[in-house]
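Subject: Structure handover

Hi,

Here is the structure for you to look at. My notes on what was found follow below it.

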Amino acid sequence: MKKNGSSSLATLLPPLHSISLNRSAAAVAELRRPLDLPLDNPPESVQQATKTTTTSSFSPRTDGSPRELLISLIRSCSHKTLLLQIHAHIVRTSLVRDPTICLEFLSRSALSAPFRDLNYSRRFFSEISRPSVFQYNVMIRAYSMSDSPVEGFYLYRDMRRRGLSADPLSSSFALKSCIRVSSFEGGIQVHGRILRDGLQSDSRLLTTLMDLYSCSGRFCEARNVFDEMSRRDTVAWNVLISCCLRNKRTRDALALFDVMQSEAYGCEPDEVTCLLMLQACSSLNALEFGERVHGYIEERGFGGHTNLRNSLLSMYSKCGCLEKAYGVFKGIRDKNVISWSAMISGFAINGYGREAIDAFEEMQRMHVPPDAQTFTGILSACSHCGFVDEGMMFFDRMSKEFGISPNNHHYGCLVDLLGRAGQLDRAYQLILSMDIKPDVEIWRTLLGACRIHGHVNLGERVVDHLIELKAQEAGDYVLLLNIYSSAGNWDKVTEVRKFLKEKTIQTTPGCSTVELKGVVHEFVADDVSHPQKGKIYEMLDEINSQLKIAGYVVEISSELHNLGAEEKHCALSYHSEKLAIAFGVLSTPPGTTIRVAKNLRTCIDCHNFAKVLSGVYNREVIVRDRTRFHHFWEGRCSCNDYW
């Protein structure tokens, strides 16, 4: 090849019109035969290029040589036909021995749109007699993002067997492959190699390693990797926060927001950090903390990002602050389907079904097409408010008017809608006639409706379906216990309790949280762990005395044990949400709204307790249970006792 700089692209490749597609296909067939071209004495320029090339960048000389023109052509190639011609040229001129050209070609064919043809790239890769680490990196990276990520791990293993030492990129892409296929054992092997290769000082690589442990549910190991980092950037903190959220350590995630900004670390949160914080605030009903994050977003100039605005909207909705949610929604300039769906879902969970329907209609007038999540929100709104006819209408429109096939979430909303309305047989027939296989959540939704309406026989049938799916959980048996106890069938209650004990099935304890000055306080039934437990119990006893005067009577049917009336009264007196509300009354000035989050469905007695308390103490009490919000004010609830 000439190197005097006078060659043009025409001397490198024949004209496009002179090569037919058939000829290109023939060239590809020819390339399937591996080339045995040794690379014992590559030119000095090639050796230098190999040393300075990475998978992410290459700085070519500007001497206009045919070699550099070819590299430029590969980078700018946008048609597969031209890429095939370049491939044929590389083989015909033995440039397959040039590591830099092969690297550029692999990067273009395996990673760049519109190609990303891994089968083709793999065949080209197999023609390279002695692939470099950089070339392996391209292929491992491509597979880690593909539908066959396990091949990335296999290529990493093949590279090691050839005696090539992995660099941080190789190990990082191999770890990502293991994460994609949930291969913790494979990830452990890569971790061992990282230690042997002395790569543990690379912060980005350790960040990926943290992600591996986090996805595998091993929080302590992920935290250990984080602690071993010599330099922790914002990405590393974000992965640690994400690890906390994934492993249900949400309060720890909130604490990290302040820790990372402390003088000891001095790391500034970015947009991703804020998204994770808003997710944590939504989970814990931590409105005050969410408002802090909102302020930080505005201070840093992140407020124009639509994804953050949508997350703020969702956070305020899930904290029961619908006015602020709507304020954020109105401030979004380019409202997309996610924005509308979040607002509709916010109306739904807070019991504003009619407003959710109005928002859906306004969305249509703005010519924003709904998606599957939009219909989940609108069907949920109909379910929470008992709009049976409207719900059936929207379900019908979803497929006929908008071409969206219903999924299990949509069917679940419809089953919930019919079940809450007392149409249990119709809900059961709907499940049996579904076009898709019903998942366990649909059966549990129907079981919950059986509990509400005391339908014993259907409840037993639903549990049988769950057993067939091998998906029964402790909560399912608790619902069954509730059905039996409501019917006064204590023999069945005893039978189920004996079964739970024999199978060592542990039920999930009720837990309620309340936020005060940015700190989340957690309570369980009969809790004695809080530092102010004495004052809290005194306040709860005083509240109970005041509520009795106002006519509050304990609803003993909420107690599932076969006890006497007085014993049931005592057992119900110290439920977790009652302790949380008492703490709120104790710790805040009169008139302050009390916000409580409950991990389970609130019982009838606690619902009545909060309703009467809101009138006696002139407090707005907002309780978010597992399925919806209850806004208590002046002795009434937003759910109208329909939940």
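The axes of α18 (residues 306-318) and α19 (residues 322-331) come within 7 Å and cross at roughly 165°. An angle over 145 degrees counts as roughly antiparallel, so α18 is roughly antiparallel to α19. The crossing of these two helices, α18 and α19, is left-handed. On the α18 side, the contact is made by Arg-309, Leu-312, Leu-313, Tyr-316 and Ser-317. On the α19 side, Leu-322, Lys-324, Ala-325, Val-328 and Phe-329 make the contact.

Please note that this is a predicted model. All values here are computed from it.

Overall picture. The protein chain has 33 helices and six strands. It has 643 residues, and buried residues make up 50% of them. Take the contacts between residues at least 6 apart in sequence: 65% of these join residues at least 24 apart.

A second pair is α12 (203-215) and α13 (residues 219-228). Their axes come within 8 Å and cross at roughly 170°. α12 and α13 are therefore roughly antiparallel to each other. The crossing of α12 past α13 is left-handed. From α12, the contact uses Leu-206, Leu-209, Met-210, Tyr-213 and Ser-214. From α13, it uses Glu-221, Ala-222, Val-225 and Phe-226.

The axes of α9 and α11 come within 12 Å and cross at roughly 35°. α9 also passes α11 in a left-handed crossing. Phe-153, Tyr-156 and Arg-160 of α9 are in the contact. Their partners on α11 are Gly-186, Gln-189, Val-190, Arg-193 and Asp-197.

α10 has 13 residues, and at 1.5 Å a residue they should span 18 Å. The end C-alpha atoms of α10 are 18 Å apart, which agrees.

Which residues of α10 are buried? They are Ser-170, Ser-171, Ser-172, Phe-173, Ala-174, Leu-175, Ser-177, Cys-178 and Ile-179.

Asp-167 caps the N-terminal end of α10. A side-chain oxygen of Asp-167 lies 3.1 Å from the backbone nitrogen of Leu-169. After α10 comes Ser-182, whose phi is positive.

Two positive phi values to check. Ser-182 has phi near 55°, and it is a residue other than glycine.

Asp-526 is in the loop between β2 (519-524) and α30 (533-549). Is Asp-526 exposed or partly exposed? At 44% relative accessibility, Asp-526 counts as partly exposed.

Best regards

How values were computed:
Residues numbered from 1 in each chain as written. Predicted model: local features only at pLDDT ≥ 70, side-chain atom pairs only at ≥ 80, totals over all residues. Heavy atoms only, no water. Helix = DSSP H or I, 4+ residues; strand = E, 2+ residues; numbered from the N terminus. Buried < 20%, exposed > 50% of the residue type's maximum accessible area, 1.4 Å probe, protein only. Expected span 1.5 Å × (residues − 1). Contact = heavy atoms within 4.5 Å. Polar contact = N/O pair within 3.5 Å; in protein donor to acceptor, adjacent residues only side chain to side chain. Axes fitted to C-alpha atoms, helices over the stretch in contact; angles between N-to-C directions. Parallel < 35°, antiparallel > 145°, perpendicular 65-115°, else oblique. Left-handed = near helix turned anticlockwise from the far one by under 90°.
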